[in-house]
Amino acid sequence: MKASNDFQTTIQEHLNELASKDPLFAETLKKKNKNINECCHYILSEVQKAKRNAWTDPEIFNMAVHYYDEDDIKNVKSINNYSAIHTTEKVSEVEGKVKKEEPKQSVKRVLPKQIIENQISLF
């Protein structure tokens, strides 16, 4: 299965951000025998091998970094699997446009005070 363009773009943006902060990784990212397409295939193959259904963003991003760090990872083949990366964008079903999700407000629950045995209640 080919990784979606959004998946590849998200991984590439993360790697570029790391490279902008870390000159050593910036050099690693320039390796001629590595590319984003094969990196995504590597991630998908690792997900399939692990037989887990849920992954955190850092776990997926760490696989991408690992792919570029290790010279012995090469010629990764496409597989029939998928992976997802959480994003704060949400596609509106009605409009078909991408919208930023509003942060959800936490709800505080006010519990009634517990009446202690033999305590007189004023209410």
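Lys-51 counts as exposed, because its relative accessibility is 75%; exposed means over 50% relative accessible area, buried under 20% and partly exposed in between, with a 1.4 Å probe and protein chains only. Lys-51 is placed in the loop between H3 and H4, where helices (H or I, at least four residues) are DSSP runs numbered from the N terminus. Phi of Lys-51 is near 55°, a positive value in a residue other than glycine.

The model is predicted: local features need pLDDT of at least 70 and side-chain atom pairs count only at pLDDT 80 or more, while totals for chains, interfaces and linings use all residues. Residues are numbered from 1 along each chain as its sequence is written, and side-chain values use heavy atoms, with hydrogens and water left out.

**Helix packing**

Helix H1 covers residues 5-21 and helix H4 residues 57-69; their axes come within 10 Å and cross at roughly 70°. The axes are lines fitted to C-alpha atoms over the stretch in contact, and angles run from 0 to 180 degrees between N-to-C directions. H1 and H4 are therefore roughly perpendicular to each other; that term covers 65 to 115 degrees, with under 35 degrees counted as roughly parallel, over 145 as roughly antiparallel and the rest as oblique. The crossing of H1 past H4 is right-handed, meaning that the near helix is turned clockwise from the far one by less than a right angle.

On the H1 side, Phe-7, Thr-10, Ile-11, His-14, Leu-15 and Leu-18 meet Ile-60, Phe-61, Ala-64, Val-65 and Tyr-68 in H4. Contact here means heavy atoms within 4.5 Å. The residues of this contact of H1 with H4 divide into nine nonpolar, two polar and no charged. Ala, Val, Leu, Ile, Met, Phe, Trp, Tyr, Cys and Pro count as nonpolar, Asp, Glu, Lys and Arg as charged, and the others, Gly among them, as polar.

The axes of H1 and helix H3 (residues 36-50) also come within 10 Å, and they cross at roughly 105°. That angle makes H1 roughly perpendicular to H3. In this contact, Phe-7, Gln-8, Ile-11, Gln-12 and Leu-15 of H1 meet Ile-36, Asn-37, Cys-39, Cys-40 and Ile-43 of H3. The residues of the contact of H1 with H3 comprise seven nonpolar, three polar and no charged.

**Cys-39**

Cys-39 is found in helix H3 and, at 0% relative accessibility, counts as buried. Leaving aside neighbours within four places in sequence, Cys-39 is in contact with Ile-11, Ala-64, Tyr-67 and Tyr-68. Cys-39 and Asn-75 are 36 residues apart in sequence and 10.0 Å apart in space, C-alpha to C-alpha.

**Aromatic pairs**

The structure holds two aromatic pairs. Rings of Phe, Tyr and Trp (its six-membered ring) pair if their centres lie within 6.5 Å; planes under 30 degrees apart count as stacked, over 60 as edge-to-face and the rest as tilted.

| Pair | Centre to centre | Angle between planes | Class |
|---|---|---|---|
| Tyr-42 and Tyr-67 | 5.9 Å | 35° | tilted |
| Tyr-67 and Tyr-68 | 5.0 Å | 85° | edge-to-face |

Tyr-42 lies in helix H3 and Tyr-67 in helix H4, so their pair ties together parts that are 25 residues apart in sequence. Both Tyr-42 and Tyr-67 are buried, and the relative accessible area of Tyr-67 is 0%. Tyr-68, at 3% relative accessibility, also counts as buried. Ring pairs link Tyr-42, Tyr-67 and Tyr-68 into a cluster.

Methods. Helices (H or I, at least four residues) and strands (E, at least two) are DSSP runs, numbered from the N terminus.
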